[in-house]
Structures are given as C-alpha cells and as structure tokens.
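Please look over the sequence and the model below before reading on. The report covers overall fold, surface, charge and domains.

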Amino acid sequence: MKAIRLHAFGGPDNLSLDEVAPPVAARGEVLIRNRAAGVNPIDWKTCSGGGASAFIGELPYIPGWECAGTVEAVGEGVSDFSVGDEVFGFLRFPEAAGCYAESVCAPANQIAKRPAALEVNAAAGLGLAGLTAWQALHDKAGVQAGQRVLVLAAAGGVGHLAVQLAKAAGAYVIGTASADNQAFIASLGCDECIDYTSANLSVSLRDVDIIIDGVGGATAIEALGCLKPGGLMVTLPSVTAAEVAEAGERGGYRVLGIRVEPNGTELAELAALYSAGQLTLSLAQTLPLAEAGRAHQLSASGHQRGKLVLTVA
Ligand SMILES: NC(=O)c1ccc[n+]([C@@H]2O[C@H](COP(=O)([O-])OP(=O)(O)OC[C@H]3O[C@@H](n4cnc5c(N)ncnc54)[C@H](OP(=O)(O)O)[C@@H]3O)[C@@H](O)[C@H]2O)c1
C-alpha cells in the first residue's frame with residue numbers, strides 16, 4: 001500500500017510517499033480500506049519532534065490519528081463490525097496509528113459506523129477534533145444548559161465543533177476569531193462573536209462559566225479574567241498548559257489541561273448528532289495524500305477554518 005512516512009524529525013520535506021506492506025488486523029481490530037485522513041496540529045508538531053513524538057516508537061513513522069473508510073477484514077473477537085461497513089475513527093493516540101495510508105488497522109472500540117449524512121471526508125476530520133471538543137465540554141467541564149461558554153479559536157478544527165456541541169447542550173456561546181471568520185462562527189451558532197484582533201477580552205467579557213481554550217499561552221491567561229467565580233477553563237494546547245494552570249492558580253481560577261482519548265462510544269454520539277443536523281464539520285481544504293507536507297504547512301500557519309483532510313485514492 002502507499003503511505004506517507006517520516007524518516008527523520010523535521011519539517012514537511014521529511015515526509016515521503018512510500019510503498020509499504022499493509023497492516024494485518026490483530027485480535028479486537030478491523031482492517032480499514034482508508035478513504036481519507038484528518039490532519040491536526042499535533043501531526044506536524046509530532047513530525048517536528050515535539051507533540052506526541054515520545055510515544056510513536058521508532059522511525060520511519062506513518063503520521064495521522066483520524067481515518068474514514070470501509071471495513072475490509074475483521075480480526076478475531078470483533079462482533080460489532082462486518083466487512084463492508086463504512087466507519088470512521090480516532091485511533092491509538094498518543095501512540096502511532098498510521099492513518100496517512102491506504103490501509104489502517106483500528107481497535108474496534110475506537111471506531112464508529114459512519115451514517116449516510118456524514119460524508120467521508122468530513123468523517124475523517126471528526127474523530128480527534130470532535131472528541132476533544134466533546135471531552136472538554138462534557139467530561140471535563142460538565143456543560144449545562146444555560147451556561148455561558150467562551151470558545152477561544154472558534155473557527156479552528158476543535159473550536160468550530162465545540163461551538164456546535166455547546167449549543168446542542170443548550171449553552172449560550174461566545175466565540176473568538178479574526179474579522180475574516182466572524183460570519184463563519186456566527187453561522188455555527190455563536191450568540192456573540194468577538195474579533196480577537198480588536199477586542200480586549202478581559203475588559204469586554206465577564207461571567208463566563210466555561211472557557212474552551214484552543215489558543216493557549218498569553219491569550220488564555222488574559223481570558224481567565226472573563227471567568228465568573230467557580231468558572232473553569234479547559235486549555236487544549238499542551239505546550240502552554242502548565243503556564244496557564246499556574247496563572248489560574250495565582251488568580252484563583254480553575255484550569256484543567258486535557259489529553260483527548262480514543263472512544264468509539266463518544267464517536268457514535270457525534271455521528272448521531274451529525275445525523276440529527278446538530279453538528280456539521282467544515283472542511284478548510286482537502287488535499288491528496290501525496291500532499292501531506294503541504295497540509296502540515298497549512299496547519300502550522302495556525303489559521304485554518306475548520307479541518308484539513310487528506311484524500312486517499
Ligand atoms: N490536548 C489535546 O488533547 C488537544 C486536542 C486537540 C487539539 N489540541 C490543541 O489545541 C489547539 C487548537 O487545535 P485546532 O485543531 O482547533 O487548531 P487549528 O484548527 O489549527 O486552529 C486554527 C484556528 O485558530 C484560530 N486562531 C489563531 N489564533 C487565534 C487567537 N489568538 N484567538 C482566536 N483564534 C485564533 C484561527 O482563527 P483565525 O484564522 O480567525 O485567526 C483558526 O481558525 C492546538 O494547539 C492543538 O494542538 C490539543
């Protein structure tokens with residue numbers, strides 16, 4: 001099969017399209033004929049030697065944690081999936097999952113069936129980003145109807161899903177994005193849209209129950225002042241999580257980091273919301289698998305609207 005491989009940590013030029021042996025489904029796994037792979041910031045961070053690079057084992061390494069495709073073979077002990085099922089998943093994180101490839105093996109409890117309403121490229125972008133938004137809002141923050149939720153980077157891969165999931169939970173949602181993305185985040189359901197390039201958040205916004213922080217660093221620290229007493233920030237970028245948590249402690253704010261976890265049951269809940277018309281994934285761009293390096297460059301620019309996805313022939 002064809003797969004993108006990283007042969008040495010570094011930039012996009014270190015990725016190459018190689019011919020490799022396809023994987024074989026072990027007990028509890030399915031083999032997926034992959035049709036698309038989602039791209040996330042953790043992909044280029046890991047390839048450059050940061051991110052999850054400590055967990056991926058020896059190089060060469062096939063990047064990618066999100067996939068969507070058709071079940072081609074079923075390993076021993078798998079009863080929930082059959083050959084021919086259309087599925088999508090977020091696999092094995094933070095260990096290597098190898099989704100930038102024509103075939104991928106997935107633990108059966110880390111995938112879900114793809115409903116007809118969820119187009120294959122959108123499904124490929126949903127796993128990591130959607131579960132991050134879900135786990136931040138529900139598992140970490142316990143979002144409730146009527147709460148005020150602020151999403152920093154509301155136009156991004158995680159943020160645009162977090163806005164919709166918070167709305168589906170009945171929250172009042174405030175999103176931040178640049179001027180170019182104000183109409184986009186309004187279309188997702190934001191009750192208030194803030195242009196972060198011209199507004200000082202800690203001055204203009206108060207009484208927030210939950211902040212989902214997709215930016216980190218100084219932006220996150222400044223936003224802490226928007227929380228009401230007892231409010232909570234879930235900060236996503238792990239590189240700055242410790243400094244944001246320390247600032248929270250100094251100011252008397254609750255701050256939690258997160259590491260998104262594979263979860264097939266929660267993926268099925270996302271798929272159900274999708275079918276019900278309460279969730280949609282916006283594709284920033286789709287590129288062919290061979291252009292994975294270009295996709296990493298685009299992701300690293302930090303201004304994608306929605307998700308980048310690689311299509312697999
Ligand atoms: N801990 C975990 O388990 C976990 C899981 C997923 C993601 N993450 C991390 O969370 C972060 C967000 O992930 P993502 O996939 O959503 O990233 P992304 O899709 O690359 O985010 C891009 C978005 O960020 C927005 N943005 C950039 N600077 C901003 C600012 N100062 N204020 C508001 N918005 C800003 C951009 O909007 P404009 O173009 O309008 O500026 C763009 O839409 C990344 O650092 C990622 O690594 C962590």
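The paragraphs below describe the chain as a whole and then its domains.

This is a predicted model, in which local features need pLDDT of at least 70 and side-chain atom pairs count only at pLDDT 80 or more, while totals for chains, interfaces and linings use all residues. Residues are numbered from 1 along each chain as its sequence is written, and side-chain values use heavy atoms, with hydrogens and water left out.

The protein contains 9 helices and 15 strands, taken as DSSP runs (helices H or I, at least four residues; strands E, at least two) and numbered from the N terminus. Its radius of gyration is 19 Å, close to the 20 Å of the globule rule for 313 residues, so the protein is as compact as a globular protein of that length; the radius is taken over C-alpha atoms, and the rule is 2.2 Å times the number of residues to the power 0.38.

Of the 313 residues, 55% are buried, meaning under 20% relative accessible area with a 1.4 Å probe, protein chains only. Where contacts (heavy atoms within 4.5 Å) join residues at least 6 apart in sequence, 66% of them link residues at least 24 apart.

The side chains include 20 positive (Lys and Arg) and 31 negative (Asp and Glu), with His and the chain ends not counted.

An automatic or database assignment divides the protein into two domains, tabulated here.

The C-alpha centres of domain 1 and domain 2 lie 26 Å apart.

Terms used. Buried means under 20% relative accessible area, exposed over 50%, partly exposed in between (1.4 Å probe, protein chains only). The place of a charge is taken as NZ of Lys, CZ of Arg, CG of Asp or CD of Glu.
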